[in-house]
Amino acid sequence: MTAAVVAIAACIGGVVAAAGPDGTASAASGSPTPATAKVTRGRLSDSVALDGTLTYRARPDGAPHAVINRAGGTYTALPDVGDRIGCGAALYRVDDDPVLLLCGTVPGYRDLEEGDEGRDVRQLNRNLRRLGHDHAAGVRLRRDDDARFTWRTTAALRHLQRARGLGRSGQLDAADVVVLPRSVRVAAVRAPLGGAARPGATVAQATSDALEVQASLAGAQQGLVRRGARAQVTLPGNRPAAARVDRIGRVARTAEEDDPGAEATIPVFLRLDDPREARGLDAAPVGVEITTEGEEDALSVPVTALVGRPGGGFAVEVVRPGGGRASVAVRLGLFDATGGRVAVRGPLRAGDDVVVPAS
């Protein structure tokens, strides 16, 4: 029996059916017509309810990306928190020269020039092609030649450099770029305007521009939630939004790192089906209900139809044809919190009418 059913049982424990040894008992005739609901057969789902927060997607563990400077000089222009910066655009300036954002997974670790080969060259060529600088320069960067810095790369790179106010050298200095996985939203600025720019220093922190929901699973809940599970997020204003579990953290953490007695939790991240529904709600608290398991062919009744039996257990009161009533003992299965129904096993059939409290 799930914790949710235990809670429901506590609420209805005072209502006891007069059931005989076989679990059924006829009700007195002539009683008023009761409110009823149907016994149904179909899918039921269990769920886990959590408190969550809207945040911007970044690293797999939820932390923002670090913007690491490679140039030396003075910071002469910095972004503002909330700025959106696309691939190929200037992130900040050192000695009034722009430092560009390139998108990829290989950090810039060396200067590149014609004749070089490698994964970082492939990354540069793909950026130039996606941004259209090869066509603008009158060349065509070939996909089958991505890992080589050719004369075509030189021409396309010169076009990018001219467009962004860099010297048209046709070579790429590692100090002129920062590599991050995608276009970014600036989450924090760590460097002071006018301060000394030193290689290896963190200039800013950045995330993607896509909103997601972050919540925490208790240790006992970790095995219940699966990647890809459907979920419903309740946004401020009690607005529902569909979501899906995108990833589950691997490292347990506590809210109070200095408190050894604090309960460790596992972070879980949910991707909204339509992030536009949460636009403008960064850092807002939300409710999360994640579907954890289900039964495809469950016989179920409303939870409000359950009554307690003498000695323990549960029953439902079935209205028979002609108006007679009988208390039928049932065993409880999966509880569907969203639908307010519970799976039951016992001498019931889909379509039977069971008594529920009058609304």
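This report covers strand pairing, salt bridges, surface charge and backbone angles in a predicted model.

Strand E6 covers residues 90-94. E6 is joined to strand E4, residues 73-77, by two bridges. The two strands run antiparallel. Within this pairing, Ala 77 stands opposite Arg 93 of E6.

E6 also pairs with strand E7, residues 97-103. Here there are four bridges, and the strands again run antiparallel.

## The E6-E7 hairpin and positive phi

E6 and E7 form a hairpin with two residues between the strands. Asp 95 in this hairpin has a positive phi near 50 degrees. Asp 96 lies in the loop between E6 and E7. Its phi is near 65 degrees, also positive. Why do these values deserve a look? Because most residues other than glycine have a negative phi.

Asn 238 is another case, with phi near 60 degrees. Asn 238 sits in the loop between strand E13 (230-235) and strand E14 (239-248). Is Asn 238 buried or exposed? Its relative accessibility is 65%, so Asn 238 counts as exposed; the cut-off for that class is over 50%.

## Salt bridges

The model has 21 salt bridges. Side chains of opposite charge can pair when their charged atoms come close.

Glu 212 pairs with Arg 57, with the closest N and O atoms 3.7 Å apart. Glu 212 belongs to strand E12 (residues 211-218), while Arg 57 is in the loop between strand E2 (40-56) and strand E3 (65-68), so this pair ties together parts that are 155 residues apart in sequence. Both Glu 212 and Arg 57 are buried. They also belong to a network of salt bridges that links Arg 57, Glu 212, Asp 246, Arg 247 and Arg 271.

## Two further pairs

Asp 282 forms a salt bridge with Arg 185, at 3.8 Å between the closest N and O atoms. Asp 282 lies in the loop between strand E15 (265-272) and strand E16 (285-302), and Arg 185 lies in strand E9 (residues 184-189), so the pair connects parts 97 residues apart in sequence. Buried here means under 20%.

Asp 61 and Arg 59 make another salt bridge, at 3.6 Å from N to O. Asp 61 is partly exposed, with a relative accessible area of 40%. Arg 59 is partly exposed too, at 38%.

## Negative charge on the surface

Which residues gather in a patch of negative charge on the surface? They are Asp 111, Glu 113, Glu 114 and Asp 173. Glu 114 is in the loop between E7 and helix H2 (119-130). With 48% relative accessibility, Glu 114 counts as partly exposed.

Val 316 lies in strand E18, residues 314-319. Its relative accessibility is 0%, so Val 316 counts as buried. Val 316 and Ala 305 are 11 residues apart in sequence. In space, their C-alpha atoms are 5.9 Å apart. As for strands in general, side chains in a regular strand alternate between the two faces of the sheet.

Methods. Residues numbered from 1 in each chain as written. Predicted model: local features only at pLDDT ≥ 70, side-chain atom pairs only at ≥ 80, totals over all residues. Heavy atoms only, no water. Pairing = 2+ DSSP bridges. Patch = residues over 30% accessible without salt bridge, like charges linked within 9 Å, V, L, I, M, F, W, Y side chains within 5 Å. Areas by Shrake-Rupley, 256 points an atom, 1.4 Å probe, with all protein chains shown as cover. Salt bridge = Lys/Arg side-chain N within 4 Å of Asp/Glu carboxyl O. Lys, Arg positive; Asp, Glu negative; His and termini not counted. Charge placed at Lys NZ, Arg CZ, Asp CG, Glu CD. Buried < 20%, exposed > 50% of the residue type's maximum accessible area, 1.4 Å probe, protein only.
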